[in-house]
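The following note sets out several points on the structure shown below. Please read each point alongside the coordinates.

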Amino acid sequence: ARSPLDEQATLQVEILLRQERLCETLGLRARQQHLIDRLITLLESSGERAHLGEVYLRQGDLFTLLRSFERAEPALEKSLQIRRTLRDTAGERHTLRSLGLMQWHQGRYDDALRTIDTALKLDRQHHDVSGVVGELVGRGAVLKSKGDLAQARVALEEALDLSQRELAGDEELPGGLKLPYILHGLANV
């Protein structure tokens, strides 16, 4: 029988999540994997789904970084399923971004574009300007890799225009996306 997390277990989850982020930043991959494994065990046994969706996202991101795509995809699909079941559209968009990134790194450009476009649609519906800009930059990168420079330019120019109109004067966009990154992508195209 599953039981919800009590206050102490919730605090433990929060601490483990913070430790995992630190390990990600420091490049301590083995420790990061250990923390993710502990979190999955704890959260699966409790049935606590919201945090579990985040942990599977982090698992998928780690496997993508390690180029272990055969392990990344199931983790990201679990995250997506949980977040859709919970109707967590913000979490769903985060997972879709990671799934699109993984597909791009695999050279699955058409899959990546479909995934990015799904996230882009959700971002537009929720008026998430930084999300839209980020998806457009990702879309531009995938299109460039695919060899469709004209459409890559369209996506990146829209990202640039939107960021300049909506976020004028703020070089660091929400979510850490920097305006110079957009310009660099556009210059490469």
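1. Leu-22 is exposed because its relative accessibility is 54%, where exposed means over 50% relative accessible area, buried under 20% and partly exposed in between (1.4 Å probe, protein chains only). Leu-22 lies in helix H1, which covers residues 7-26; helices (H or I, at least four residues) are DSSP runs numbered from the N terminus.

2. This is a predicted model, in which local features need pLDDT of at least 70, side-chain atom pairs count only at pLDDT 80 or more, and totals for chains, interfaces and linings use all residues. Residues are numbered from 1 along each chain as its sequence is written, and side-chain values use heavy atoms, with hydrogens and water left out.

3. Together with Leu-26 and Leu-28, Leu-22 makes a nonpolar surface patch of about 320 Å².

4. Thr-64 belongs to helix H3, residues 49-65. Thr-64 has a relative accessible area of 7% and is therefore buried. Beyond its neighbours within four places in sequence, Thr-64 is in contact (heavy atoms within 4.5 Å) with Phe-69, Ala-72, Leu-76, Met-102 and His-105.

5. Tyr-56 is also placed in helix H3. With 6% relative accessibility, Tyr-56 counts as buried. When residues up to four places away in sequence are not counted, Tyr-56 touches Ile-40, Glu-44, Ala-75, Leu-76, Lys-78, Ser-79 and Ile-82.

6. Tyr-56 and Gln-106 are 50 residues apart along the chain, and their C-alpha atoms are separated by 19 Å.

Note on methods. Patch = residues over 30% accessible without salt bridge, like charges linked within 9 Å, V, L, I, M, F, W, Y side chains within 5 Å. Areas by Shrake-Rupley, 256 points an atom, 1.4 Å probe, with all protein chains shown as cover. Salt bridge = Lys/Arg side-chain N within 4 Å of Asp/Glu carboxyl O. Helix = DSSP H or I, 4+ residues; strand = E, 2+ residues; numbered from the N terminus.
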